[in-house]
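Q: I would like to learn how to read contacts, interfaces and salt bridges in a model like this one. Could we go through them one by one?

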Amino acid sequence: MDNANKHLPRRKRSVRLTLALMGAGAASTLAGCGDSSPETLSNVQFDDTESYRSVEDCVAGGIYTRKACEAAYDQALEDVPHYRTQSQCEEEHGEDACQTAPHTNSGSGSWFMPAMMGYMVGNMTASSSRGHMVNRVYQEPVYRTRDNQGDWSAATSSASSRMKGVESSMRTTIRTHNRAVRNSSYSTSRSGFGSRSSARGGFGS
Amino acid sequence: MLKIPVRERKAWKELAKDLGFHFHTIDGEAYWKEEAYYQFTLRQVEEDIEAPTEELHEMCMEAVERVCRSDALLDKLCVPEFMWESVRSSWWSGQPQLYGRMDLAYDGKGKAKLLELNYDTPTSIYEAGFFQWVWLEQAMEQGLIPWQADQFNSIQEKLIGAFAHIGQRLATPEMHFSSIKDHVEDRATVEYLQDCAIQAGVDAPFVYIEDIGLREGERHFLDHEDKPIQAIFKLYPWEEMADDEFGSQVPKRDTHWFEPPWKTILSNKGILPLLWEWNEGHPNLLPAYFDDDPRQSLKSGWVRKPFFSREGSNIELVTPGGERESVAGPYTDSPHILQAYHPMPRFGEEHALIGSWVVGDRACGIGIREDKGRITKDTSCFVPHIIL
């Protein structure tokens, strides 16, 4: 006899459940366990990138809301390389290039970073590994370096090449992934399924 | 089996919204109801529902085998001839199924009776598998129901297991998911299944049924971005697919479909007379026959159902007492069956129907739907249950 299990209540239900895709936030607190797989993006595309010298400049541009401008700025700030000492920072980016980093989420104590000049903001679309389309604001900081010496157009051009780097590295992984998609002289026909759907409403039963 | 009134959880509608349950109210009418729950004993669940569900499921698998061996039966069930090869090869190669739901009439005392199988495009799985479970956990925590309550519900756990199993059998762990456009409930059901697939490590992109593409020279169907579809879950019935323009291409392309083509045999009410013929007198089956003349008026104590119909549409019944009930609908283009009338239990104004879920080949949970009428429709309500 299996006495070890004797006093355990027999359960007909699962011990814990969670959702990965539908309204994720609430679910993980409810069920006490997080997503099982990290979200990965493919087919990444950046469009309509604009460069701004400040949050106010971004708001004045009229494309993004103040909230989006501020959020993108904060994130861009985070993405600037940070250093523990002024000299480490200057070694990398040149004399007088660095300043004390404003209070960010990157930990306690003071940090140093090359001077923030502005940021680039664009639209990113991508396919998520969770099966849906992702459409979000993407940003890239514009900051002073040894090469650009604080010149705006040089700084924005290096920021935009960083963005292109991200875009193409994320695309490369996809291209190998989707090798089966070939150029073809034939066109795709659609609407071959679902012809009577409007007449019958849903198909669940 | 009791129906017990209970206080609703505070702010459950906000929670439902947060959890992606947007159809808890449909056209202003409540669909999810938690002002009462059904209570079963463990014996009722295990002996009267779980075990019979697995036994009936086993009988269904035997029936598929018999139908696959017979051209005459495939023909009788209106499976178009161009699909026979796909149906048979998907069955004989052991292509796994994902899930199915049996609708049972059960009152807590007698034998549960199989009213019908929803084995191709069943819905209400999110409410049964997830939201009902959340209700139980919260209602116990908030002291609304006894703390030692349980529920017959490992549906989601089994779904994730089934997707993991299917994922291992695919060349790459990716399965597309699909439903028709402009239907919130179908879309939400599919989103939930995508959610389970992702939790099982299977990539789960979505494509609308209408956007599935075909291209000369491609071995697979294509999604909206022209990517080949290796495997796809469709919340769209086989009999409709077979009738559609692309239907004849299904046997010619390498795309794997879920549910597999052999499920067309079980999503057809013509299976009910066959199950009765091959298992006559089985305590969980109702007498059923092919209806040779559907124009004849229905006799007392019988129910007439079309081969293909969903959500109670085009069903007609006359009780032994002569009361007549029917639901109109669009499913007028298929043969009919007759099934002996069996009363569903009534609690107050409502008739309760038990949906017993099978995932893989295991009975793993129930969901209860209520309707004022004797025919359960898409406007019926979902009510949670407990075991105590």
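Q: What share of the contacts in chain A between residues at least 6 apart in sequence join residues at least 24 apart?
A: Contact means heavy atoms within 4.5 Å. In chain A, 61% of the contacts between residues at least 6 apart in sequence join residues at least 24 apart. Before we go on, this is a predicted model, where local features need pLDDT of at least 70 and side-chain atom pairs pLDDT 80 or more, while totals for chains, interfaces and linings use all residues. Residues are numbered from 1 along each chain as its sequence is written, chains are lettered from A and ligands numbered from 1 in the order written, and side-chain values use heavy atoms, without hydrogens and water.

Q: How many of the residues of chain A count as buried?
A: Buried means under 20% relative accessible area, exposed over 50%, and partly exposed in between (1.4 Å probe, protein chains only). By that rule 38% of the 205 residues of chain A are buried.

Q: What is the area buried between chain A and chain B?
A: The size of an interface is often given as the accessible area lost when the parts come together. Buried area is that loss, taken with a 1.4 Å probe and summed over both parts. Here it is about 5,400 Å², with carbon and sulfur atoms giving 52%. On the chain A side, Lys12(A), Phe193(A) and Ser205(A) lose the most area to chain B, together 18% of what that side buries. The contact draws 48 residues from chain A and 79 residues from chain B.

Q: How many salt bridges does the rule find across the interface of chain A and chain B?
A: Side chains of opposite charge can pair when their charged atoms come close. The rule asks for a side-chain nitrogen of Lys or Arg within 4 Å of a carboxyl oxygen of Asp or Glu. It finds 5 across this interface, and one of the pairs you can look up is Lys12(A) with Glu50(B), at 2.6 Å from N to O. Over all chains, the structure holds 32 salt bridges.

Q: Where do Glu34(B) and Arg9(B) sit in chain B?
A: Their side chains meet in a salt bridge (2.6 Å, N to O). Glu34(B) is in the loop between β3 (29-30) and β4 (36-40), Arg9(B) is in the loop between β1 (2-5) and α1 (12-18), and the two are 25 residues apart. Both Glu34(B) and Arg9(B) are buried.

Q: What separates Glu47(B) and Arg43(B) in helix α2 of chain B?
A: About one helical turn, because they are 4 residues apart in helix α2 (residues 42-68).

Q: Which parts does the salt bridge of Arg88(B) and Asp71(B) tie together?
A: The closest N and O atoms of Arg88(B) and Asp71(B) are 2.5 Å apart. Arg88(B) lies in helix α4 and Asp71(B) in helix α3 (residues 71-76) of chain B, so the pair ties together parts 17 residues apart in sequence. Arg88(B) is buried, at 15% relative accessible area, whereas Asp71(B) is partly exposed, at 42%.

Definitions and conventions. Buried area = accessible area lost by both parts, 1.4 Å probe.
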